[in-house]
Amino acid sequence: MTTWRLGAEIVTKRFAHMIALAVLLPLLLVRPTHAEDGEQAALAGQRLDVVEVTAQKRLQPLSEVPLSLHVLEGDDLAEQNIRDSSQLGGQVANVVITQNTAAGTTPAVNIRGVGNIDYNTSTTSPIGVYVDSVGGGTANFHLLNLYDVDTVEVLRGPQGTLFGRNTTGGALLINTRRPDDTPGGYLSAGVGEQSLTRFGCAFNLPVNEQVAMRLAVDTQDYELSVNNLYAPAPRAGLRQTEGRLSLLGTFEAVEVFAKVHAEDWSGVATPVRHIGVIAQLADPATGAAAITCSPRDAGSTRCTDSFGFNVGSDDLNDVAVNLDTNGGSPHSTESWGADVQLKFPLDASSYLVSISSINRLERLHYYNADASPSRFLEGSLQVDTELFTQEFRYHRELARGYFIGGVYASKESLTQDFFIDLFRDFRASPALFSNAAQILYDNAIDPESQAAFVNFDYPLTSDTTLTSGLRYTRERTDYRAIGKVNVPTMVGDDVGIVLPAWDVSGSVRDSNLSGKLALNHQWSNGFNTWISAARGFKSGGYNGAIAFSAEEVGRNEYGSETLNAYELGGNIFWDAQRLALQYSLFYYDYQDQQVFMNTPSSVPNAPPLQLLDNVGESRLFG
């Protein structure tokens, strides 16, 4: 994308990207800086003062934090046209992010193989996403546009002590730019591939000596990377507009950071790519017709689906989908929220923090999932969710060590209204109309969580620090799912009759301990090593996915999972070259892992069920 940028934006943090490496070879290659290297030591120390992160809920030099993390600067993300959180996967090693229900919908985040592939709007991810320390809800809140961002910190591994709720695999910390006492701002505009146009601006305004405000606005319009060969279908794309107003002030020694935000997205959903697997040509080895295509040919013009259809092109960007659902398969997302962070100093070495937030989101997404001009599989995902969170923390810097203690609570109310239309074109066939059905599925899921936690950094020597932490979490998820089925009564009956199918309700309760022990040793100003053992916990719940049978609905509860992680890692800085290297070895012991998968039905000859369920033990290392 070509971008023009004007204005006065003062950037105080410049540091190199860290490169993750899963071997300890750097330990054998790098000579630590000794005391006699006075000039180099001074430079390295000065550099570490700049590279600060919030991974332990306070600003610290990166070398003092005993965990594997990667920091992305907001300016670098803007230069690369990283639009939203779903595109962060390509920026960080061991991080994969996909959108399994197309652009504009809930992303599936995986870090070091821990995450999920569930497309469901009610999914609670094992990766936490936080914006200015606010987070903890279902994955609906994980799709975030990245505009006027200061940094993004990607924390690997369980973050069960300080972030706690559902951070088995790690956390993404998005830090927006705060107001400051310097007047200024910027305007930016750009154009790019896929008919992209983008405009952004931010204005920083000091109101007086105690208060400053910042307004940031971003709008973008782009087409999605598909070419629909079905001429009547509209072009898939999104128009996104969002704004954020922040306030930072000090009132009688109390620091206040508050902000409000609003987002409006609309457009046409991405058509599904057709991948035919039935061979059309004879097997060259035997001359007989092959039943299935080879992996190399799947999705090409040499293969079709079971109805004899293929796109007519070998280009993976080509589709042929009617997009007729609800007059063009529209997508819309509207959301807003507000949060207030208060910092109360108690004395010279301690303070209290209160973080309160409310976020609301409404999303409606229509889709055609049969990947053809026919009407065999169409539907919609509609979600309305509201999330409240509250956290209180006590910080104290001791003569030896640093203590954090706190409590956390969240409550979310989520309602979903789905439909999926199966084989609507069959309603016109005398032989097939009885196979057509429309499933209407409504549910309400209400998760709530309470937790208490402590974290303590204790210096054993001037160079070695012990970090210990513990968190107790209690969660409850209440749910109700109601289903109906619309079926035709005769050939050509598009109206049909509605029959009750299921009405299921229940509650899932969980409680558990998570925590961490770590040792961090500073060999020099530019070289540190740490070793840690951490435990992560993700509660059970109810998977509110679209269901096709009462059996599937009745089996949608799932249990909690735990992850015990052991890791050895560290950082090396070469200040003269503005280069940093992070290295780590990790071993994960996963218990009762939650996996979204096909499960055999108990009904003979029935299709498999799509469930989020617990599996046995697993091991991950790297």
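**Entry 1: Asp592.** I looked up Asp592 and noted that, at 41% relative accessibility, it counts as partly exposed; buried means under 20% relative accessible area, exposed over 50%, and partly exposed in between (1.4 Å probe, protein chains only). Asp592 is not a glycine, yet its phi is positive, at about 55°. I located Asp592 in the loop between strand 33 (579–591) and strand 34 (594–599); helices (H or I, at least four residues) and strands (E, at least two) are DSSP runs, numbered from the N terminus.

**Entry 2: Basis of the model.** I recorded that this is a predicted model, in which local features need pLDDT of at least 70 and side-chain atom pairs count only at pLDDT 80 or more, while totals for chains, interfaces and linings use all residues. Residues are numbered from 1 along each chain as its sequence is written, and side-chain values use heavy atoms, with hydrogens and water left out.

**Entry 3: Confidence.** I found a mean pLDDT of 86 for the protein, with 89% of its residues at 70 or more; pLDDT is the predictor's confidence in each residue, from 0 to 100. Over residues 2–49 pLDDT stays under 50.

**Entry 4: Overall composition.** I noted four helices and 36 strands in the protein. Of its 622 residues, 52% are buried. Among contacts (heavy atoms within 4.5 Å) with a separation of 6 or more, 67% are between residues 24 or more positions apart.

Entry 5: I turned to Ser133, a residue other than glycine, whose phi is positive, near 75°. Ser133 is in the loop between strand 9 (127–131) and strand 10 (134–135), and it is partly exposed, with a relative accessible area of 35%.

**Entry 6: Salt bridges.** My search of the whole structure gave 27 salt bridges, each a side-chain nitrogen of Lys or Arg within 4 Å of a carboxyl oxygen of Asp or Glu. Which residue forms a salt bridge with Glu223? The partner is Arg235, and the closest N and O atoms are 3.0 Å apart. Glu223 lies in strand 15 (residues 211–223) and Arg235 in the loop between strand 16 (227–228) and strand 17, so the pair ties together parts that are 12 residues apart in sequence. I also noted a salt bridge between the side chains of Lys411 and Glu448 (3.3 Å, N to O). This pair links distant parts of the chain, with Lys411 in strand 25 and Glu448 in strand 26 (residues 437–459), 37 residues apart. Lys411 is partly exposed, with a relative accessible area of 45%, and Glu448 is partly exposed, at 24%. Finally, I recorded one network, in which salt bridges that share partners join Asp75, Asp148, Arg177 and Arg214.
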